Amino acid sequence: MHPDKIELCIVAVDWEVPSRKELRKGQTTSYLIGCKPGDAVACAVKPSSIVLPKDPTTPILMAGMGTGLAPWRALTQHRIAQKKAGMKVGPCVIYYGARKAATEWLYREELEGYEKEGVLTMRTAFSRDQARKIYVQNRIAEDYQNVYRMMMEEKGAFFVCGSSRNVPEDIYTAMKEVMMKGGKMDEPHAEAALSSLKMDGRYTVEAWS
């Protein structure tokens, strides 16, 4: 969709040290904020662990928090480009989590446009927009029937992108619940099913610390 440029989704890193009342900033994001249009930036493009299914009709389910939405935007754009080229494409589902929709719903208009084209389904979880906090893993668990069908019956692929702190484990727990409820499995069989998906390259996690 954009073969001649690289697009980045970055959140400026800054924090305050309470004991010293000192504001500190992330080195890389501070540097990029200070760049002006036309400045040259040294960078390297590294291979991703994320590989799309060869069959464009394969369902893809994606879970991302904050800037973890960026790769799923790219995968959806790829499917949109395939559709415009006359190819039949399978469903894309994005589970996106952030704190507040008003300030952190990244690429909202673009993604809603893809929904109107019938390629994408967005499932959002904005944790601070209601009294009871809702997270991506809650949405996945709510959708256990659809998630199970797309993953196990339609041989879909599942991708996760976010912080390595709790995100992979929380999503794994939700996916285990999907297997147990959707496939009527006990816990050991649900864990075995998820292990099999990972070995087949159909459950991929890309996390950062």
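**Close-up views of a predicted model**

**View 1. Strand β3 and its partner strands.** β3 (60-65) and strand β6 (residues 157-163) pair in the parallel sense over 5 bridges. Helices (H or I, at least four residues) and strands (E, at least two) are DSSP runs, numbered from the N terminus, and two strands pair if DSSP finds at least two bridges between them. This is a predicted model, in which local features need pLDDT of at least 70 and side-chain atom pairs count only at pLDDT 80 or more, while totals for chains, interfaces and linings use all residues. Residues are numbered from 1 along each chain as its sequence is written, and side-chain values use heavy atoms, with hydrogens and water left out. Alanine 63 has valine 160 as its bridge partner in β6. β3 is also joined to strand β4 (residues 92-98) by 6 bridges, and these two strands run parallel. In β4, alanine 63 has tyrosine 95 as its bridge partner. Between β3 and β4 the chain passes through helix α2 (residues 70-84), and this β-α-β crossover is right-handed; that is, with the strands pointing away from the viewer, the path from the first strand over the helix to the second runs clockwise.

**View 2. The two faces of β3.** In a regular strand the side chains alternate between the two faces of the sheet. Ile60, Met62 and Gly64 point one way from β3, whereas Leu61, Ala63 and Met65 point the other way. Are these residues buried or exposed? All are buried, a term that means under 20% relative accessible area, with exposed meaning over 50% and partly exposed in between (1.4 Å probe, protein chains only). β3 is thus described as mostly covered, with 6 of its 6 residues buried.

**View 3. Helix α6 and its surroundings.** In helix α6 (residues 144-153), the buried residues are Val147, Tyr148, Met150 and Met151. An α-helix has 3.6 residues a turn, so residues three or four places apart point the same way. The buried residues of α6 pack against β3, β4, α5 (136-142), β6, α7 and α8; contact here means heavy atoms within 4.5 Å. Just after α6, lysine 155 takes a positive phi of about 60 degrees.

View 4. Lysine 176 is placed in helix α7 (residues 167-182). With a relative accessibility of 14%, lysine 176 counts as buried. Apart from residues up to four places away in sequence, lysine 176 touches Glu187, Ala190, Glu191 and Leu194. Glutamate 187 forms a salt bridge with lysine 176, and their closest N and O atoms are 2.8 Å apart. Glutamate 187 lies in helix α8 (residues 187-199) and lysine 176 in helix α7, so the pair ties together parts that are 11 residues apart in sequence. Glutamate 187 counts as partly exposed because its relative accessibility is 37%. A salt bridge is a side-chain nitrogen of Lys or Arg within 4 Å of a carboxyl oxygen of Asp or Glu, and by this rule the count comes to 14 salt bridges.

**View 5. Glutamate 7 and arginine 73.** Side chains of opposite charge can pair when their charged atoms come close. Glutamate 7 and arginine 73 meet through their side chains in a salt bridge (2.7 Å, N to O). Arginine 73 is buried because its relative accessible area is 10%, whereas glutamate 7, at 37%, is partly exposed.

**View 6. A nonpolar patch on the surface.** Ile6, Leu8, Ile10 and Val45 form this patch, with about 440 Å² of accessible area together. Patches are made of residues with over 30% relative accessible area and no salt bridge, like charges being joined within 9 Å and nonpolar side chains (Val, Leu, Ile, Met, Phe, Trp, Tyr) within 5 Å. Accessible areas come from the Shrake-Rupley method with a 1.4 Å probe, and for residues only the protein chains shown count as cover. Valine 45 lies in the loop between α1 (27-33) and β3. Valine 45 counts as exposed because its relative accessibility is 68%.

**View 7. The surroundings of tyrosine 135.** Tyrosine 135 is found in the loop between β5 (120-126) and α5. Its relative accessible area is 33%, so tyrosine 135 is partly exposed. Leaving aside neighbours within four places in sequence, tyrosine 135 is in contact with Ala125, Ser127 and Arg128. Tyrosine 135 and alanine 98 are 37 residues apart in sequence, and their C-alpha atoms are 8.1 Å apart in space.
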